[in-house]
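This report describes one protein model in plain terms. Please keep the sequence and the structure in view while reading.

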Amino acid sequence: MNTMYNMSLSIHEVGVLLLVVIFLASLWQLDRADEVIPYLRKMRIQSPLILMAMFLPIFTGMVMMAAKHLEFTIPNIAMIILSIVLIFFEIKRSRPLKYASIAEEGAFNRYKRDAQKILVSEIALIILISLWMYV
């Protein structure tokens, strides 16, 4: 049981690092985007990858909680809440692209401004909770 927990912890750490790297790459890609259509094409490929990367730490966290007999500590509850917040933020970030009018004047610039705030918030939340867990 201890081996499974240690392996899950290692995969969890790599998953969190991968998630931060993906969010940084998304922020960089968003900053470089000038037109909506090429950005939408990239997001169609990128969105499922982001979701898979988000669920890697969530799944390994569930495995670790099961190995610890579902012990709900303050850090575990904080990570569960963070997972829900990150999922909510990603939905909030991707929804305007799905329903927004491409022809509307200034819509993409408003989206970029809001999406940058969301991505920076996600990165900051992950870094803050990681510092709390490892310090």
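Q116 touches L27, L30 and D31 when residues up to four places away in sequence are not counted; a contact here means heavy atoms within 4.5 Å. Q116 lies in helix α4, which covers residues 107-134. With 26% relative accessibility, Q116 counts as partly exposed. The scale behind that word calls a residue buried under 20% relative accessible area, exposed over 50%, and partly exposed in between, with a 1.4 Å probe and protein chains only. Q116 and V14 are 102 residues apart in sequence, and their C-alpha atoms are 24 Å apart in space.

The model is predicted: local features need pLDDT of at least 70, side-chain atom pairs count only at pLDDT 80 or more, and totals for chains, interfaces and linings use all residues. Residues are numbered from 1 along each chain as its sequence is written, and side-chain values use heavy atoms, with hydrogens and water left out.

**Overall build**

The protein has four helices and zero strands. Read from the N terminus, its elements are α-α-α-α. Helices (H or I, at least four residues) and strands (E, at least two) are DSSP runs, numbered from the N terminus. The C-alpha trace spans about 55 × 25 × 25 Å along its principal axes.

How much of the protein is made up of buried residues? Of its 135 residues, 33% are buried. Among contacts with a separation of 6 or more, 85% are between residues 24 or more positions apart. The accessible surface comes to about 8900 Å², and carbon and sulfur atoms hold 69% of that surface. Accessible areas come from the Shrake-Rupley method with a 1.4 Å probe; for residues, only the protein chains shown count as cover.

**Charges and salt bridges**

There are 13 positive and 10 negative side chains, and the centres of these two sets lie 4 Å apart. In this count Lys and Arg are positive and Asp and Glu negative, while His and the chain ends are not counted. Each charge is placed at NZ of Lys, CZ of Arg, CG of Asp or CD of Glu.

Side chains of opposite charge can pair when their charged atoms come close. The structure holds two salt bridges, a salt bridge being a side-chain nitrogen of Lys or Arg within 4 Å of a carboxyl oxygen of Asp or Glu.

| Salt bridge | Closest N and O atoms |
|---|---|
| E90 and R93 | 3.0 Å |
| D114 and R113 | 3.9 Å |

E90 and R93 both lie in helix α3, three residues apart, which is about one turn of the helix. Leaving aside neighbours within four places in sequence, E90 is in contact with F23, I50, M54, L119 and E122.

In the other pair, D114 counts as partly exposed at 38% relative accessibility.

M64 lies in helix α2 and counts as buried at 10% relative accessibility. Apart from neighbours within four places in sequence, M64 is in contact with Y5, S8, L9 and H12. M64 and Y99 are 35 residues apart in sequence and 38 Å apart in space, C-alpha to C-alpha.

Most residues other than glycine have a negative phi. H69 is not a glycine, yet its phi is positive, at about 60 degrees. L70 also has a positive phi, near 55 degrees, and is a residue other than glycine. H69 lies in the loop between α2 and α3, and L70 has its place in that loop too. H69 counts as exposed at 67% relative accessibility, and L70 is exposed with a relative accessible area of 53%.

F72 is found in the loop between α2 (36-67) and α3 (74-99). F72 is exposed, with a relative accessible area of 55%. Which residues make the nonpolar surface patch? L70, F72, I77, I80, I81 and I84 make this patch, which has an area of about 580 Å². Patches are made of residues with over 30% relative accessible area and no salt bridge; like charges are joined within 9 Å, and nonpolar side chains (Val, Leu, Ile, Met, Phe, Trp, Tyr) within 5 Å.
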